[in-house]
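Q: I have a structure open and would like to go through it piece by piece. Can you take my questions as they come?

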Amino acid sequence: MVCCIIYKRRSLDNEVNAMGKANQEKTINRREFLKLGAMTVATAAVGLGGLRGILEAKTDKQNQGVTPVYRTLGRTGLKVTVVSFGAMLTPEHEVMRAAFDLGINYVDTARIYMGGKNEEIVGRAVKGIRDRLYIATKTTSKSNSKKAIIKDVETSLEKLGTDYIDVIQLHSLTNRDRAFIPEVREALIELRKQGKVRFFGVTTHTNQAEVIDAVVDDKDKFFDTVLVGYNFKSSPDVREAIGRAAKAGIGVIAMKTQAGGYKTDAFGAVAPHQAALKWVLQDANVSCAIPGMKDIQMLSEDMAVMGMKLTRADERILERYSNAISPYYCHLCGRCESTCPEHVAISTINRSLMYAEGYRNRGLAQETYREVPNTSSALACLDCHECVARCVNGINIAHKMEKARRLLT
Amino acid sequence: MNRMNAMPLRQILPYIAAAAIFFLFAIMFFPVDLFASDESLESMLPSPGFAKEWAMDGKINRYTKDNLYTYIDGEAEIYMPYGFTVLVSALYTKAGNAKTALVADIFQMGSAIDAFGIYSYYRNPAAEMVNIGSSGFIDESQLLFYKNRYFVRLSASGDNPSRAVFLACAEAIAQRLGGKSMPPEELELLKIPGIVPRTEKYTAQSVLGYAFFKKGFTADATLNGSPVKIFVILDESVQDAEDTINRYMVYLKEKGNEPRIDKSTQGVTLIAQDPLYKGVLVRQSGRYVFGITNLKTPP
C-alpha cells in the first residue's frame, strides 16, 4: 500500500506539475538528467581535441541576401530601415546582432521590458557597432515628473551601455494630456542639452488617433516621432491620423503589425505575417515597422519583406485571414456595451464565443460565459425586438448573442 | 440476487479505502494545486491588505489569454508559449500616502517548469535573493518569485515602497499559494560544474533564437576560464531529437558552415562554427540535443 501511495504521489507530482498544460510533456527521468549533465561535461572535457581549426574558422557565407531599404524618420532626418527591430520579445542578443549584421539599423526597446533586462540585451547586441545604429527606448509610463524622466533616461543609458539615446519616447500615452506636462518637457530638453538624447517621441496603444493628433497639433512641435499600433485591421481614424502626422513631419513607427498574429494558430495554415508587414509598409506615411523577432526564422521572414511590394496575392491572404478572424475578432474594447440598453456583457460573451469557435475549447467557453450574471447574459437580448447595440468594428452583435444563446446556454 | 449485488461492493472496498488514503495524502501535500481553480486565484491576493496600513485599493483585475495585452501590451506574447492561463492583479496603497503603491500580479502558467521559465526570463542574476517562494529576488522597485505553477511579480507604482513592504506582500501571497517552494525537478539537469549560478533559463520556444530548438534550458558556464553557454533541448522522442539535430545541420550548411560530424552508438556529435554562437559542440543522445556554444578554442 505504501509503495502504491508513494508511486501515486510521484504520479500526482507529475500531474500537478503539468496541470493545465494543453500539451503535456513526458515526465523526464532524473537519472537521465544527471547522466546527461555528466555527458555534457565529459564532452566539454575530451571532445574537442584537434578541432581548433573548425572552432576558429570564420563564417564566410552568413549574412547574405536582402538589401536593406530605408525611409526617413520624419523631421529627425534619420534614415532607418523600413523593417526595424522590436526588441521586446528577444531574449538572445545574438539574434539582434544578426539583424544588425544584416543591415537593420533601428532598434526599439523600453525601460520596463523584461523587468528592465531588455535594454541590457540590446546593450550587448550593439556593443562595438553603436555608431551605425539608432536606439529608441521609452521612459516608464508612470514617469510624469522631471526627476522621474531624468532617472529613467540615466538608467537606460547605463543599461544600454551607451552615452546617448537616439529617440526617447514617453511610453503608452492614452490621451493628449501626458504629451503636455511642462516638467516632463523640461526634463527632456535638459537631457538633450546634455547630449544624452537626440529626439523625442511618444507611444500609444489606446485612443491612438487622439494621441497622434495631439502631437500633430502641438504648436511647439515638441515630439518628432509617434510609435503606434497599425495593421490591416486598424480603423480608418488611425490611418488618417498617421497621414496627418507624416504630413506634419512626424516620423511614424508602426508596431503590432500582425494584428494579434498569435491567433493565427486557431485558424490553420493561414499565415499572413509577411503580407501583414507588407500591408503596413505599403503606406508611405509609415517610416518603419518594428516587428518583434524572437528567432532567426522570424528575422529571415521579416527581413525578406524589405523591397517587396504588396501583391494581389497578399491582399487575398489578408482578406482571407481577416474574414477568418472577423466573426471572432472582438477587440474587447467594450465600447459596444454602452450602446446596449440591457447592459449585456457583450465583450465577455464574445470572448466566450472566441474560446468556443476559435480555440475549440468549449469548457473554457462555458466557464467564461458563466462569469456573466444572468441579467447581463445573452438571454437578456430576448427582451428586445431589435438590437440597437453597435460595434465600431462592424461585428454583428445580435448574431453573436444569438449564437451564444445557442452554444453556451 | 442481493448476494450478487453485494459482492462487487466488497471487492471494491479496498480500492475505495486506498483512494481515500491517497486523497488525504494529496490534501496534505498539495493543498492548493490540486484544487485551486482559475476562479479561486483571486483569493491568493491578500485582502483587505497584507500589512498595517496597506490595503487593496479597488477591485481585483483578471486577465486571460484574450486580453492580457490590454494590461501589458505586446509583452503578453512572451507569456503564451509558457501556457499562460490567467492573471489576477491588485493595487495596494498605503493609508494616507497616495503616492506610494504596490501592484501584485499572480500569473497562472501551464506548469511548474513554465512558471520557472517565465521567471527566468525576468531574473536578474545580480539581484538580491530572498527566501520567498522559489528563488525570489528583489530590487528597489520589484520583487519576483515563482511557486508551483505560479509566477508572482510585485512592482512599485509611484514611489517605491520599502523593502519590508515588498517582503510582507510576497510572503502573504506565497503562503496563500501553499505547497512547497521547490524548483522544477528538470533543473537537476543543470547541476553540473562550471554553471554560473542563477543564469539557468527555461525557454518554451526558439531556444537560442532557433525555431528548430523548440524548448529547453540554457545556462552560462565557465570552461577553462572562458565564458560559454550550455544548452539542452528537450524533445519528445528520439525521432524528434534526431530531426532537431538534422535541422540544425541543414541550417549550418545553408550558412556555409560545414560541421564535423561524429556518429557513435551514443548519438551524433557536431563540431561547427555557428553563425551566432561561434564555436559549438552539439550532441544528440536519446531524446535530447545538448551542447556548448561560444567556444573559441578547444580545452
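Q: What share of the 409 residues in chain A is buried?
A: Buried residues make up 44% of them. Keep in mind that this is a predicted model.

Q: How many helices and strands are there in chain A?
A: Chain A has 15 helices and ten strands.

Q: And of its contacts with a separation of 6 or more, what part comes from residues 24 or more positions apart?
A: Those account for 72% of the contacts in that set.

Q: Domains next. Which ones does the assignment give for chain A?
A: Domain 1 covers 70–323 and domain 2 covers 335–408. Their centres, taken over C-alpha atoms, are separated by 35 Å.

Q: Now helix packing. At what angle do α6 and α7 of chain A cross?
A: Roughly 40°, with the axes of α6 (residues 146–160) and α7 (residues 182–193) coming within 8 Å. The crossing of α6(A) past α7(A) is right-handed.

Q: Which residues make that contact?
A: From α6(A) they are A:Lys146, A:Ile149, A:Ile150 and A:Val153. From α7(A) they are A:Glu183, A:Val184, A:Glu186, A:Ala187, A:Leu188 and A:Leu191.

Q: Moving on to α11 of chain A, residues 296–304. Which residues are buried there?
A: The buried ones are A:Ile296, A:Met298, A:Leu299, A:Asp302 and A:Met303.

Q: Why do the buried residues line one face of α11(A)?
A: Viewed down the helix axis, the buried residues of α11(A) fall within an arc of 155°, so they line one face. As background, an α-helix has 3.6 residues a turn, so residues three or four places apart point the same way.

Q: What covers the buried residues of α11(A)?
A: The cover includes α4 (93–101) and α10 (273–281) of chain A.

Q: What about α8 of chain A, which residues are buried in that helix?
A: In α8 (residues 208–217), A:Gln208, A:Val211, A:Ile212, A:Ala214, A:Val215 and A:Val216 are buried.

Q: I clicked on A:Ala313. Is it buried or exposed?
A: A:Ala313 counts as exposed, because there are 9 C-beta neighbours inside 10 Å and the cut-off for exposed is 12 or fewer. A:Ala313 lies in α12 (residues 312–325) of chain A.

Q: How far apart are A:Ala313 and A:Ala275?
A: They are 8.7 Å apart in space, C-alpha to C-alpha, and 38 residues apart in sequence.

Q: Switching to chain B. Is the peptide bond from B:Ser47 to B:Pro48 cis or trans?
A: That bond is cis, with omega near 10°. B:Pro48 is in the loop between α1 (2–29) and β1 (49–51) of chain B.

Q: What is the phi of B:Arg198?
A: Its phi is positive, about 65°, although B:Arg198 is not a glycine. B:Arg198 sits in the loop between α5 (163–177) and β10 (201–203) of chain B. With 17 other C-beta atoms within 10 Å, B:Arg198 is partly exposed.

Q: And B:Asn294, where is that?
A: B:Asn294 lies in strand β16 (residues 288–295) of chain B. Its phi is also positive, about 65°, and B:Asn294 is not a glycine either. B:Asn294 is partly exposed, with 18 other C-beta atoms within 10 Å.

Technical notes: Residues numbered from 1 in each chain as written. Chains lettered and ligands numbered in written order. Predicted model: local features only at pLDDT ≥ 70, side-chain atom pairs only at ≥ 80, totals over all residues. Axes fitted to C-alpha atoms, helices over the stretch in contact; angles between N-to-C directions. Helix = DSSP H or I, 4+ residues; strand = E, 2+ residues; numbered from the N terminus. Left-handed = near helix turned anticlockwise from the far one by under 90°. Contact = placed C-beta atoms within 7 Å. Buried ≥ 20, exposed ≤ 12 C-beta atoms within 10 Å, placed from the backbone. Arc of directions from axis to C-beta. Domains from an automatic or database assignment.
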